[in-house]
Amino acid sequence: MKPDWEITGKCQICGVIGDPVEHTVSPIMHNAAFKALHLDYVYVPFKVSKQDLRNAVAGMRALNIHGFNVTIPHKVDIIPLLDEIDEFAGKIGSVNVVLNENGQMIGYNTDAHGFLYALLDQGVEPEGQRVAVIGAGGASRSICFALAERGAVLTILNRTPEKAARFATEMSEMTGQPIQVMALNDENLAGALDNAGILINTTSVGMYPQSDESPVKHDLIKPHLTVVDIIYNPFKTRLLLEAERAGARTISGIDMLVWQGALAFEIWTGRKAPVNVMRKEAQRFLKGHEK
Ligand code: NAP
C-alpha cells in the first residue's frame, strides 16, 4: 500500500536557518502540515553560524531549496543577500521567511502578521487600544510595526530605552501613530498599565531556564488586561500564570508561533495552511519537551 506521505525525486525542500536551531518547533509543525495536505515537501533544520550566512544563502540557491525560515541571529543580516524584499518586510527591516521563486530569493516577514492574527484569532482587536510592550529586540520590532499599522497606541518599555527610541521614531513616521518610549521599571510600568488594554512581553525574561522569573510584578496586573507573552517555552510562563490568577485574559507565545508558520506555509505552497494541525502538533511537541 502507498504510504500517506512520501518523499520522491520531485520533493520540494524547505527549512530553517539559525543558530541555535536544536530546539526549533518549526520542522514538527510544517512536516505535519505537508503530510496533512499530502504535499511532496519536507522541512529540515540547518544550523548556520553568523560567519557562514553568505555561503549558506549561496548553498540554498545552488541546491534549489524551495523556501526557508530565518531565525536568530540572521533576520536582519540576510536582507542584502536576497534578490528582492517584500515591501512590508523592508519597512520592518527584518526577514523571517524566504521563497526561492525560479532562482529569485524573495524575503518576507510573517512575524508581524503572525502576531496580529494570534490576537485577532482570540477575539482581541488592538485598533484604538493602548498597548504596553515590554522589550525592544528583534521580535518587538515586528510586533510593534504590526500593532502601530493596525492603529494601536503603543508604549514601549525597555531595559535599554535608547534601543527602543531608535526604532520607535522610524516606526512612528512610517505608520503615523504616536509611540512612547520609557525605561522598564515598576513605576513606568504601573503608569503605562493604568491606561492600557493589552500588555505584551517580548523580552526573554521568563523563558527557560529563567522560568521562575517574570518581567512584571504580579500586583501590577489588573483583570481588565489582555496579557500576551511571546515566549513559548515554558508553555505557560510565570507572567501568564500570574495574569490568569489576577483574572486577566492570556495569550501564549504558541499562537504567534503557529500563525507566523501558517503564513510562511502559504507563501511556500500557495495552499491554505492547516492551522489546527500545526497548533496541535506544536502543542504536543512543546508539552513533551517543556522545561
Ligand atoms: P532579542 O532581539 O535578543 O531581544 C531581547 C529583549 O529582551 C531586549 O529588549 C532586551 O532588552 C530584553 N531583555 C533581555 N534580558 C532582559 C532582562 N533580564 N531584563 C529586562 N529585559 C531584558 O530577542 P528576540 O528575538 O526579540 O526574542 C525575544 C523573545 O521572544 C525570546 O524569548 C524568543 O524566544 C521569543 N520569540 C517568540 C516568537 C514566537 O513566535 N512566539 C518569535 C520570536 C521570538 P535590552 O534591549 O535592554 O537588551
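Which helix lies across β8 and β9? That's α6 (residues 161–175), and α6 runs at about 180 degrees to β9. Contact here means heavy atoms within 4.5 Å. Angles go from 0 to 180 degrees between N-to-C directions, with axes fitted to C-alpha atoms (for helices, over the stretch in contact).

This is a predicted model, where local features need pLDDT of at least 70 and side-chain atom pairs count only at pLDDT 80 or more, while totals for chains, interfaces and linings use all residues. Residues are numbered from 1 along each chain as its sequence is written, and side-chain values use heavy atoms, leaving out hydrogens and water.

## The parallel sheet

β8 and β9 belong to an open, parallel sheet of six strands, ordered β9-β8-β7-β10-β11-β12. At its edges sit β9 (179–183) and β12 (249–251), each pairing on one side only. From one strand to the next, the twist averages 20 degrees.

Inside this sheet, β7 (130–134) pairs with β10 (198–201) over four bridges, and Val133 has Ile200 as its bridge partner. Strands count as paired if DSSP finds at least two bridges between them; strands (E, at least two residues) and helices (H or I, at least four) are DSSP runs, numbered from the N terminus.

## The mixed sheet

Another open six-stranded sheet runs β2-β1-β3-β5-β6-β4, with mixed pairing. β2 (41–47) and β4 (84–85) each have a single partner strand, so one side of each lacks a neighbour in the sheet.

β1 (12–18) and β3 (67–70) pair in parallel over four bridges, with Cys14 partnered by Gly67. Helix α1 (26–36) packs on this sheet, touching β1, β2 and β3, at about 170 degrees to β2. Helix α9 (253–269) packs on the sheet too, with β5 (97–101) and β6 (104–108) among the strands touched, and makes about 5 degrees with β5.
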